[in-house]
Amino acid sequence: MGGRSRLVNRAILRTLSQHSSSSSSSPSTLPASGSGANAVREEVKSLGRAGGAILGSAVDESGARKAQWGAGWVFAAAGLVGMSGGAVGSLHTQAEEEPKASIVPEVARPASKPRVVFVLGGPGSGKGTQCAKIVDSYGFVHLSAGDLLRAEIKSGSPDGTMIQNMIKEGKIVPSSVTINLLKKAMAESNTDKFLIDGFPRNEENRADFEKVTGILPEFILFFDCPETELERRLLGRNEGRVDDNIETIRKRFKVFIESSLPVIDHYEKIGKARKIDATKSREEVFNAIDPLFRPFLETDLQRATEVLLKGIDSGDLSTYERFCDPGMTAFEPEASGHLVKGLDFHRFYFNKKVAGGNEAENFRQSTVTSPVVTLLDSNVGLVTYTRLVQDRSSSEVKAYNETRLWQRKKVNGQFEWKNVHFHRSLA
Ligand SMILES: Nc1ncnc2c1ncn2[C@@H]1O[C@H](COP(=O)(O)OP(=O)(O)O)[C@@H](O)[C@H]1O
Ligand SMILES: O=c1ccn([C@@H]2O[C@H](COP(=O)(O)OP(=O)(O)O)[C@@H](O)[C@H]2O)c(=O)[nH]1
């Protein structure tokens with residue numbers, strides 16, 4: 001495990017050192033890490049603190065945000081899993097000096113591990129309001145612990161009366177009850193990005209959630225707002241809640257200060273708290289939050305590219321079609337300098353492979369080196385890399401430089417990245 005991390009770390013340092021030395025250098029000419037490694041390590045650490053979700057995320061001289069994959073990665077047609085499946089051990093790296101930093105790049109985590117952001121703040125600070133906006137822009141699933149508890153009361157559960165009494169008194173429901181509801185809701189969802197709103201409310205909530213789920217949040221959003229404003233908002237909320245009356249509101253404030261603030265302090269100490277001034281207008285608050293969520297899109301885009309390439313290597317046409325826009329355009333050597341539009345031209349190669357039939361002969365694997373993800377805006381991204389293709393039917397290794405342009409679209413209410421153009425040339 002440690003060996004794996006080191007491999008990835010080394011490559012992240014290498015990619016970052018390339019980026020920091022020259023923002024315009026060719027991605028296929030990576031300087032070896034060495035003299036500048038300490039400075040680069042500091043850059044990696046500070047990026048981790050600032051970015052929250054992706055360690056290899058940086059802003060170049062022109063201000064464009066770039067996410068850099070930590071490493072080259074490899075996957076094969078006959079069963080090896082790509083990085084999105086967690087097979088970090090199958091990374092190909094060149095021999096070079098062992099770095100001493102033990103930074104585990106978060107991009108190396110298995111895709112199945114949920115990415116969680118806790119949304120905390122006093123009652124009425126605008127958590128629910130902003131969560132709705134984040135869901136709309138970034139495709140997260142919003143889980144409000146309070147809403148789950150209120151639904152549990154309505155469902156006629158045996159815990160219903162106890163929960164109702166706790167809410168009326170502004171007290172915190174026992175951790176086991178809330179965590180079970182959260183776990184169930186997460187399991188029923190088909191995404192891996194969750195906004196957990198109004199939880200953890202005390203140290204017990206926090207420690208038990210970590211113990212039971214093994215999940216640490218990417219970061220927490222803390223909506224900072226004075227009591228006078230909170231009180232004004234809660235009294236005007238008008239949702240018919242049993243706890244939005246002045247007596248319970250005061251109790252909730254007390255519980256927040258005594259029990260919830262220490263949780264926020266904990267995350268502050270470990271560098272995971274992102275404090276937001278919640279007194280501003282709804283739009284201004286969202287503008288402050290928005291950049292914190294960009295790295296999630298970069299990770300999603302990277303994973304989409306990994307799955308697409310895995311689909312190409314394994315001859316899996318349905319995966320290919322899922323990730324490609326029907327009107328995709330392409331320049332590739334096979335098209336002899338022509339721009340091809342649509343998927344027919346590409347489908348031909350999938351069909352040819354199936355017709356060939358021999359799995360051993362068809363065995364192909366790609367190793368991606370020096371990949372860079374650049375988000376142009378929240379719905380458009382550019383992915384560039386060099387891809388080495390090994391083919392069982394030939395001893396020759398082909399190297400291609402590839403650029404893929406992706407667009408994020410809503411399909412059946414869900415965000416999906418679609419490849420709208422690619423350019424491949426022999427390296
Ligand atoms: N930035 C804001 N400025 C003014 N009012 C707001 C703002 N954000 C939310 N509100 C209003 O304040 C009330 C509480 O917001 P809500 O999102 O329900 O808070 P929470 O989920 O933190 O309890 C709601 O009536 C909401 O419309
Ligand atoms: O993890 C949680 C979340 C909520 N609550 C209870 O639900 C109430 C309402 O919480 P919610 O987050 O819905 O609203 P807020 O108080 O933030 O406006 C709280 O006062 C608590 O009594 C709880 O016990 N545990």
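In the predicted model, an oxygen atom of ligand 1 lies 2.9 Å from a polar backbone atom of Gly128, a polar contact being a pair of N or O atoms within 3.5 Å; within protein, one of the two must be able to donate a hydrogen and the other to accept it, and residues adjacent in sequence count only if both atoms are side-chain atoms. Polar backbone atoms of Gly124 and Gly126 are also found close to oxygen atoms of ligand 1, at 3.0 Å for Gly124 and at 3.1 Å for Gly126. On its own, ligand 1 has 560 Å² of accessible area, of which the protein covers 81%; accessible areas come from the Shrake-Rupley method with a 1.4 Å probe, and for residues only the protein chains shown count as cover.

The model is predicted, and local features need pLDDT of at least 70, side-chain atom pairs count only at pLDDT 80 or more, while totals for chains, interfaces and linings use all residues. Residues are numbered from 1 along each chain as its sequence is written, chains are lettered from A and ligands numbered from 1 in the order in which they are written, and side-chain values use heavy atoms, with hydrogens and water left out.

The residues around ligand 1 (a heavy atom within 4 Å) include Gly122, Ser125, Lys127, Thr129, Arg233, Arg237, Lys280, Ser281 and Arg282. This shell has no nonpolar, seven polar and five charged residues, where Ala, Val, Leu, Ile, Met, Phe, Trp, Tyr, Cys and Pro count as nonpolar, Asp, Glu, Lys and Arg as charged, and the others, Gly among them, as polar. Helix α3 (residues 127-138) gives the most to the shell, with three residues; helices (H or I, at least four residues) and strands (E, at least two) are DSSP runs numbered from the N terminus.

Around ligand 2 there are 20 residues, the closest being Lys127, Arg150, Lys171, Val173 and Arg201. Backbone N or O atoms lie 2.6 Å from an oxygen atom of ligand 2 in the case of Lys171 and 2.7 Å in the case of Val173, whereas Arg201 places a side-chain N or O atom 2.9 Å from an oxygen atom of the ligand. Taken alone, ligand 2 exposes 520 Å², and the protein buries 97% of that. Helices α4 and α5 are the elements that give two or more residues to this shell, and α4 gives the most, with four. By class, the shell of ligand 2 has eight nonpolar, four polar and eight charged residues.

Ligand 1 sits in the largest pocket, and the space taken by ligand 2 is likewise the largest pocket. A molecule sits in a cavity or pocket if more than half of its atoms lie within 2 Å of its grid points. On a 1 Å grid over the protein atoms alone, a cavity is a set of points where a 1.4 Å probe fits but cannot get out, and a pocket is an open set with protein on both sides within 12 Å along at least five of seven lines; lining residues have an atom within 4 Å of a point. The volume of the largest pocket is about 1,100 Å³. Its lining comprises 49 residues, and Pro123, Gly124, Lys127, Arg237 and Arg241 are the closest to its centre. The lining divides into 16 nonpolar, 18 polar and 15 charged residues.

Phe199 and Pro200 are joined by a cis peptide bond, with omega about -5 degrees. Pro200 is found in the loop between β6 (193-197) and α7 (203-213). Asn238, in the loop between α8 and α9, has a positive phi of about 60 degrees although it is not a glycine.

Terms used: Grid points are joined across faces, edges and corners, and a volume is the space filled by probe spheres set on the points.
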